[in-house]
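Please consult the sequence and coordinates shown below alongside the text.

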Amino acid sequence: MKKIILTGGGTAGHVTPNLALLPSLKEAGYEIRYIGSYQGMERKLIENAGIPYDGISSGKLRRYFDIKNFSDPFRVVKGYAEARRLLKRHKPDVIFSKGGFVAVPVVLAAKHYKIPVIIHESDMTPGLANKICIPSAFKVCCNFPETLKYLPSDKAVLTGSPIREELLQGDRLSGLTYAHLSSSKPVLLVIGGSLGSVAVNTAVRNILSRLLPSYQVIHICGKGNLDESLIGTAGYVQYAYVDAPLKHLFAAADLVISRAGANFICELLALRKPNLLIPLSAAASRGDQILNANSFAKQGFSKVLEEEALSDDSLFDAINDLYLNRNAYIQAMEQSNLNNAVKTVVSLIESCVK
C-alpha cells in the first residue's frame, strides 16, 4: 500500500487543508499518518478524523527577542531526531506539509531519507517555516497568483487551498434551526479565526444595537470570548467554537465578517459567500493577512476594512455596503478557477509516488 505522512500545525489553517485531502487520499489507496506537535490543536482534529497521530517536539523560530528563543532551538533539534525515527519506522512514499513550525523537523528529516515532499503555502508570501522547508520540497503549492514570484519557478504550482467537501454540503434551514434564528432577516456570520479576535469581537458587539433591526448575527468568537451579558439577546447568538454544524451555519449566512487567514478566505470563495475581511494589523503580524485580503479585494471576491480604520461607523457602513452589492461579489467568485485544489494536490502527490 502507498504510504503518506501529513504534517502541519499551530492553527486550524495549518490542519483543515490536510483534513480536506483525506477522502481523496483514502480513495486513491493511501495509508495515512499524521505528525504534529505533542499537544497542539491539530492532535484532536486529526484523531477525531480517525487518522493515526504521532507527536514530536516543536519550537518556534522567531525573528524577534523572546526568552523562549534560548530553549526552542533545542526543541527543534529534538523534534528533528524524533521525526527521523518516525520516518524510518513508517517508511512513507511521500510527505505533504501544510506548514507551521512543527512541519520543519519533518520536512528536513524527509530530505535526509530522500522522501519527496510537497509543501502548501497559504499566504501571499512564504512564512519563515516554509522558507526553511522550500529548498527540500519537490513542489510548492500556493493560493494566490502573486505568490508565484516568491517561489522557485520549477517548483511553484498555483492550486488554491484544499477545501473540505463537507463544507459545501450545508443546509440553510438546518443552520437557522441550530442557531434558533428565522428566515425573516439576512444572517451575518462573524468568525475571527480558530482562536477568535478580540478586535473583531468588540467592534461587532459595539454596533449590535444598530445591526439587529436589519440583520441577525451568528458570532463565533473563540474560546474564552463569550459575553455572558449578551446571552438571550434576540437575533444574536454566540459560540466559542463550532465544529460539525459549521457547514450549516455557513449555508445560513448571507454575509460573513472574518479575519483574512488564507485558508479560511479560500473556503469563503468556494462557498460564494460575500465577505468583509478585517485583516490582522501589520503591527501584530508580518502583514500576510493584509496582502491576502488585498488580493481578494483586487479580484472582486471581498470587501476589506483594515483594523486601523475600524470604528463603529466604518464597520456598520461596510456591512451595509457589502449587503447592498452582494450579488457583484458572488458573480466575481463564480468566475474563479481555483476550485479544484484537492484534485490538483492529489495529482501532484501521485506524481511523486510514481
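Which residues of the largest nonpolar core touch the most other members? In this predicted model, they are Val217, Ile218, Ile257, Leu315 and Ile319, within a core of 59 residues.

**Nonpolar cores**

- Beyond its neighbours within four places in sequence, Ile319 is in contact with Leu188, Ile207, Leu211, Tyr215, Leu255, Ile257 and Leu276.
- As a general background, nonpolar side chains in soluble globular proteins tend to be buried together.

**Helix H10**

- H10 is largely enclosed by the rest of the structure, because nine of its ten residues are buried.
- The buried residues are Ala262, Asn263, Phe264, Ile265, Cys266, Glu267, Leu268, Leu269 and Leu271.
- Arg272 follows H10 and has a positive phi, near 60°.

**Packing of H1 and H14**

- Helix H1 (residues 16-27) packs against helix H14 (residues 341-353) at an angle of about 60°, and the two axes lie 10 Å apart.
- The two helices, H1 and H14, are therefore oblique to each other, and their crossing is right-handed.
- On the H1 side the contact involves Ala20, Leu21, Ser24 and Leu25, which meet Val342, Val345, Val346 and Ile349 of H14.
- Seven residues of this contact are nonpolar, one is polar and none is charged.

Technical notes
Residues numbered from 1 in each chain as written. Predicted model: local features only at pLDDT ≥ 70, side-chain atom pairs only at ≥ 80, totals over all residues. Heavy atoms only, no water. Core = buried A, V, L, I, M, F, W, Y, C linked by side-chain atoms within 4.5 Å. Buried < 20%, exposed > 50% of the residue type's maximum accessible area, 1.4 Å probe, protein only. Contact = heavy atoms within 4.5 Å. Axes fitted to C-alpha atoms, helices over the stretch in contact; angles between N-to-C directions. Helix = DSSP H or I, 4+ residues; strand = E, 2+ residues; numbered from the N terminus. Parallel < 35°, antiparallel > 145°, perpendicular 65-115°, else oblique. Left-handed = near helix turned anticlockwise from the far one by under 90°. Nonpolar A, V, L, I, M, F, W, Y, C, P; charged D, E, K, R; others polar.
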